[in-house]
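Please look over the model shown here.

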Amino acid sequence: MTIGNLEDFAALDPFFRIIQEGLAGLVDGGHFFDLLAEDVVVEYVVSVPGYPRRVQGRQAVADLYRGYGDAMVLTGADELAVHRDPDTSVVVLEYAVHGHAVHTGLRYDNHFVSEGVR
């Protein structure tokens, strides 16, 4: 796999850090992409025009996120809540991210729920 230069993803660093924090002790990996299974499936319940609803594979996720900084730059992430069911290996993360749109400078604040199965 060729994720490439991690500096290409610097605009997403707050997102990467909060996911790593939420999964600390549950999965191994030094970076967000290391936490993903090679055959990961990411489904977006809410999306914007032109953005896929489903992405399969670690490399495909990296390819999708590579251009994120052209449109949006995150400056922080917080409000982390971790919900874990050890019996089913399901982990649900709730969190917020904050930043700004590159072209307009408008503030961006959004709340997310991410679910994963180990």
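Q: Is Phe33 buried or exposed?
A: This is a predicted model, in which local features need pLDDT of at least 70, side-chain atom pairs count only at pLDDT 80 or more, and totals for chains, interfaces and linings use all residues. Residues are numbered from 1 along each chain as its sequence is written, and side-chain values use heavy atoms, with hydrogens and water left out. Buried means under 20% relative accessible area, exposed over 50%, and partly exposed in between, with a 1.4 Å probe and protein chains only. Phe33 has a relative accessible area of 2%, so Phe33 is buried.

Q: How many aromatic pairs are there, and how are the rings of Phe15 and Tyr65 arranged?
A: Rings of Phe, Tyr and Trp (its six-membered ring) pair if their centres lie within 6.5 Å; planes under 30 degrees apart count as stacked, over 60 as edge-to-face and the rest as tilted. This rule gives eleven aromatic pairs. For Phe15 and Tyr65 the centres are 6.2 Å apart and the planes stand at 85 degrees, so the pair is edge-to-face.

Q: Which helices does the pair of Phe15 and Tyr65 link?
A: Helices (H or I, at least four residues) and strands (E, at least two) are DSSP runs, numbered from the N terminus. The two residues are 50 residues apart, and their pair links distant parts of the chain. Phe15 lies in helix 1 (residues 13–22) and Tyr65 in helix 3 (residues 58–66).

Q: What is the strand order of the open sheet?
A: Two strands pair if DSSP finds at least two bridges between them. Strand 3 (72–85) and strand 5 (107–117) each pair on one side only, as edge strands. Eleven bridges join strand 4 to strand 5. The sheet has three strands with antiparallel pairing, in the order 3-4-5.

Q: Where does His98 lie, and in which strand?
A: The strand that holds His98 spans residues 90–101. His98 lies in strand 4.

Q: Why does His98 count as buried, and which side chain makes a polar contact with the side chain of His98?
A: His98 counts as buried because its relative accessibility is 13%. A polar contact is a pair of N or O atoms within 3.5 Å; within protein, one must be able to donate a hydrogen and the other to accept it, and residues adjacent in sequence count only if both atoms are side-chain atoms. At 2.9 Å, the partner of the His98 side chain is the side chain of Asp78.
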